[in-house]
Amino acid sequence: MNNNKGLTLLILDSYYPANGRVDKEIEIIDISPTERADVFIGMARLAPASAEKPVVIYCQTLANGKKEYRTVSAKCPHQGADISRDELNADGNVYCSLHRRPIGIFSEYNHAYLTEKRAKGFFIVKA
Ligand code: FES
């Protein structure tokens, strides 16, 4: 469910930890805002890729008031459709617009990467 500020309000009782793992910090470059206040797009070198690829960064405000950012590839793991315009659903998933498969962002079986917003930009961090 979305409120009138374009932010997604999750209905999950709790946030599941970000399950994506990296062995070193990864800077996300070429950050751009989207029409949704809680979603950004950028480029990052996610293994096993040897070059930067499009990624989507989602933000949620946790119960303790802190913001948490998570990043996934902008390509759907099913057949590679661009998910960057697909909305984060209140259940913590993005549903790919091509075949409607769920992609976990804040939900239980996610493979999203924990991300920090710093003065110099966004960074995928070791979790
Ligand atoms: S390409 Fe995304 S569900 Fe098939």
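In what sense do strand β2 and β3 pair, and over how many bridges? Strand β2 (residues 39-44) pairs with β3 in the antiparallel sense, over six bridges; two strands are taken to pair if DSSP finds at least two bridges between them. Within this pairing, valine 39 stands opposite tyrosine 58 in β3. The structure is a predicted model, in which local features need pLDDT of at least 70, side-chain atom pairs count only at pLDDT 80 or more, and totals for chains, interfaces and linings use all residues. Residues are numbered from 1 along each chain as its sequence is written.

Stepping back to the whole fold, the protein chain has eight strands and zero helices, so that from the N terminus on its elements read β-β-β-β-β-β-β-β. Both kinds of element are DSSP runs numbered from the N terminus, with helices being H or I of at least four residues and strands being E of at least two. Six strands close into a barrel, in the order β1-β2-β3-β4-β7-β8, with antiparallel pairing. Neighbouring strands of this sheet are turned by 40 degrees against each other on average, direction ignored; here axes are lines fitted to C-alpha atoms, for helices over the stretch in contact, and angles run from 0 to 180 degrees between N-to-C directions.

In the protein chain, buried residues make up 30% of the 127 residues. Strand β3 (residues 53-61) pairs with β4 in the antiparallel sense over seven bridges, and valine 55 faces serine 73 of β4. The two strands form a hairpin with five residues between them, and glycine 65 in the turn has a positive phi of about 90 degrees. Strand β4 also pairs with β7 (residues 113-118), in the antiparallel sense over three bridges; there, tyrosine 69 stands opposite threonine 115.

The loop between β4 and β5 (93-95) holds alanine 81. Alanine 81 counts as partly exposed because it has 16 C-beta neighbours inside 10 Å. Leaving aside neighbours within four places in sequence, its contacts are Cys76, Cys96, Ser97 and Leu98, a contact being two residues whose C-beta atoms, placed from the backbone, lie within 7 Å. The C-alpha atoms of alanine 81 and cysteine 96 are separated by 7.4 Å, with the residues 15 apart along the chain.

Conventions: Buried ≥ 20, exposed ≤ 12 C-beta atoms within 10 Å, placed from the backbone.
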